[in-house]
Amino acid sequence: MTTDLQSRAINTIRFLSADAVQQANSGHPGLPMGAATMAFTLWTRHLRHNPRNPQWMGRDRFILSGGHGSMLLYSLLHLTGYNLSLGELKNFRQWGSKTPGHPEYGLTPGVETTTGPLGQGFATGVGMAIAASHLAAITSAELFDNFIYAIVTDGDLMEGVASEAASLAGHLQLGRLIYLYDDNHISIDGSTDLAFTEDRAKRFEAYGWHVQKVNDGNDVEAIDRAILEAKTDPRPSIIMCRTIIGFGAPKRQGTSKAHGEPLGDEELNAAKENLGWQKEPRFFIPADALAFYRQAVERGRDMESAWNQKFAEFKNVNPEMGADLERRLAGKFPKGWQKSLPAFPADPKGMSTRAASGKTLNALAPILPELLGGSADLAPSNNTKLDGSPDFQKDSPQGRNFHFGVREHAMAAALNGMTLFGGLIPYGGTFLIFADYMKPAVRIAAISHIPSIFVFTHDSIGLGEDGPTHQPIEQLAMLRAMPNLTIIRPADANETAQAWRVAIENRHGPTALALTRQNLPILPQPKFGDVSRGAYVLKDFGRKPELILMASGSEVGLILEAAQKLADKGRNVRVVSFPSWELFEKQDAKYRESVLPKKITARIAVEAGSGLGWERYAAEVVCMHSYGASAPYKTLFEKFGFTVENILARAKPLLPKKSAVKKPVKKTPKKKKK
């Protein structure tokens, strides 16, 4: 490749990006212009990918963690032959386009994960590297020798989630993780010296990473050498490339003005003149540069073909393992796997739903080898350990038990990465209160339809003595406000087992399980269809209900007791177990009406958390109106009104008054005429 062609190819990335931002009159030209050389070197000399099959399992993964520079990625995808037309680039940031402001997984072919919230891409990549390492250990290192590449930014490194993820990656020695750091010393406010002055190289060395510096971010050969060296090092690698934001723009390069706004026609034309690029037409692509980039199509086809041959050989030598791996990569389940779900006999003493969750996981683990996970340093409390399986560590990557450490945010992002990589069903556990720490990654999962599973235990004031700092109040309402996140709060052990079935079968979005610390009575086993429908009639006391009591989780047993008391007084009451609003809302109108008939307006919902949202289903809500307190959970339930007596008192004004019952008058039968 000649130097002139190389220069044209790099500048093609720069000016496709800058032209798109200018046409949209919105966007971030600085990152693509400054990082174009890094991206060119990686994509043309190292990245294994097939533009005609973006889901090829043997590909390397590339993440643009600084998602604001999305035109860099879109330019590369178009140039290398993905199904992303030049028209889509011209439609950047417009309604209905495949080129949104920040990359979105599932929308644009070739986008590996949704990025934009800084640090998310960095941490998601760690999860992908974990997945590749595990699959290589249990099958074949030749099949799963994927590298996980990313371009990361100053903003990524400032975010706390990146620190958590970098620490975890260093501990696990994820050697196939290679990040190129766009070290341009500029943020929105100005120089990074305003707020970001630690020695980043020493910081990553302390994490246990392999650190290299490239002093000129436009030096293709230096970047190439650094990537080659990173590939041979057993540690995760970060290559610190000293770049110039907005490179080529004479007045704006190296300044914050190049970051987040169009260059303007005058400055854009000056940049083109400065780098020897023709001003018109916009979106100009030299024919030789396009031909060079499009070599990726044939190269990718050949690489996939070679990988498929390796897979065929692997299946031939290991038929049983190969068939199972093929099943997993296709996202299918073993036949009859649901029969492994445990069934718990009715028991008034019962068990906590977190304990039932642990029993369910261990019942499923032998038949679902793709099921694996852990917790944020809370395995004994979350009941997330798989018995008989080793821990996932640098020397035992075949392990299925993960110790994410006290890193809830990185755990959630890593789960997303593990899920996106494929072939795995990962889960991660912590206390529900710490959903606050995880929310950005949970939200990315919901936006992207990533089927990660989040296990939240200690789900209410029912956790007791730890007090208000650990007792979730508003967390369920926060999670329920997220579109495409399914929340299930099971009422007992059997509902918990069925909740796991729903979570595992939900391949179109994330699922959050909210589980108790305290024991709950085990109710008669529901049918699967009951829990999967979100709400169902647990019991009718009498034929024609006058009142509906509904609850989720630990409060279902409470409303059953209250309903029995009302029934003893001659009242007809329906009890509805309501584990999931999201699942219930997906049911047809006929089913919803069968559970909650519109004509029955006397309704009470009971939940030991914020009542926000229950008003759509109930006239009265027994809920929390403050934070909790430190005391045994039975005391807390009494003090905060989660008692049979309070429910009866709240029901009284809703119930129709009983009319006086008149004694029937006996009539003397008439004598029949002869």
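**View 1. Asn484 lies in the loop between helix H17 (475–480) and strand S13 (486–488).** This is a predicted model, in which local features need pLDDT of at least 70 and side-chain atom pairs count only at pLDDT 80 or more, while totals for chains, interfaces and linings use all residues. Residues are numbered from 1 along each chain as its sequence is written, and side-chain values use heavy atoms, with hydrogens and water left out. Helices (H or I, at least four residues) and strands (E, at least two) are DSSP runs, numbered from the N terminus. Phi of Asn484 is near 70 degrees, a positive value in a residue other than glycine. Most residues other than glycine have a negative phi, and most peptide bonds are trans. Asn484 is partly exposed, at 31% relative accessible area. The cut-offs are under 20% for buried and over 50% for exposed, with partly exposed in between (1.4 Å probe, protein chains only).

**View 2. The loop between helix H10 (265–274) and helix H11 (287–317) holds Pro281.** The peptide bond from Glu280 to Pro281 is cis, and its omega is near -5 degrees. Phe283 also has its place in the loop between H10 and H11. Its phi is positive, near 60 degrees, and Phe283 is not a glycine. Phe283 counts as buried, at 5% relative accessibility.

**View 3. Strand S2 (residues 148–153) is largely enclosed by the rest of the structure, because six of its six residues are buried.** Ile148, Ala150 and Val152 cover one side. Tyr149, Ile151 and Thr153 are on the other, and they are buried too. Strand S1 (residues 61–64) pairs with S2 in the parallel sense, over four bridges. Two strands pair if DSSP finds at least two bridges between them. Phe62 stands opposite Tyr149 in S2. S2 also pairs with strand S3 (residues 177–183), again in the parallel sense, over six bridges. Ile148 stands opposite Leu177 in S3. The bridge partner of Thr153 in S3 is Asp182.

**View 4. Strand S3 has seven of its seven residues buried, so the rest of the structure largely encloses it.** Leu177, Tyr179, Tyr181 and Asp183 point one way from S3. Ile178, Leu180 and Asp182 point the other way, and they are buried as well. Strand S7 (residues 237–242) runs parallel to S3, joined by six bridges. Asp183 stands opposite Arg242 in S7.

**View 5. The structure holds 33 aromatic pairs, and two of their kinds are shown here.** A pair of aromatic rings is described by the distance of the centres and the angle of the planes. Rings of Phe, Tyr and Trp (its six-membered ring) pair if their centres lie within 6.5 Å; planes under 30 degrees apart are stacked, over 60 edge-to-face, and the rest tilted. Tyr74 and Phe92 form an edge-to-face pair, 6.2 Å centre to centre with 70 degrees between the planes. Tyr74 lies in helix H3 (residues 70–80) and Phe92 in the loop between helix H4 (86–90) and helix H5 (120–138), so the pair ties together parts that are 18 residues apart in sequence. Tyr74 is buried, at 0% relative accessibility. Phe92 is buried, at 2%. Phe431 and Phe434 are stacked, because their ring centres lie 6.1 Å apart and their planes meet at 15 degrees. Phe431 counts as buried at 9% relative accessibility, and Phe434 is buried at a relative accessible area of 17%.

**View 6. Ring pairs link Phe578, Trp581, Phe584, Tyr591, Trp614 and Tyr617 into a cluster.**

**View 7. Arg61 lies over the face of Phe421, at 4.1 Å from the ring centre.** A charge sits over a ring if NZ of Lys or CZ of Arg is within 6 Å of the ring centre and within 35 degrees of the ring normal. Lys315 lies over the face of Phe311, at 4.8 Å from the ring centre.

**View 8. H5 packs against helix H15 (residues 408–421) at an angle of about 55 degrees, with the axes 6 Å apart.** That makes H5 oblique to H15. Axes are lines fitted to C-alpha atoms, for helices over the stretch in contact, and angles run from 0 to 180 degrees between N-to-C directions. Under 35 degrees counts as roughly parallel, over 145 as roughly antiparallel, 65 to 115 as roughly perpendicular and the rest as oblique. The crossing of H5 and H15 is right-handed. A crossing is right-handed if the near helix is turned clockwise from the far one by less than a right angle, and left-handed if anticlockwise.
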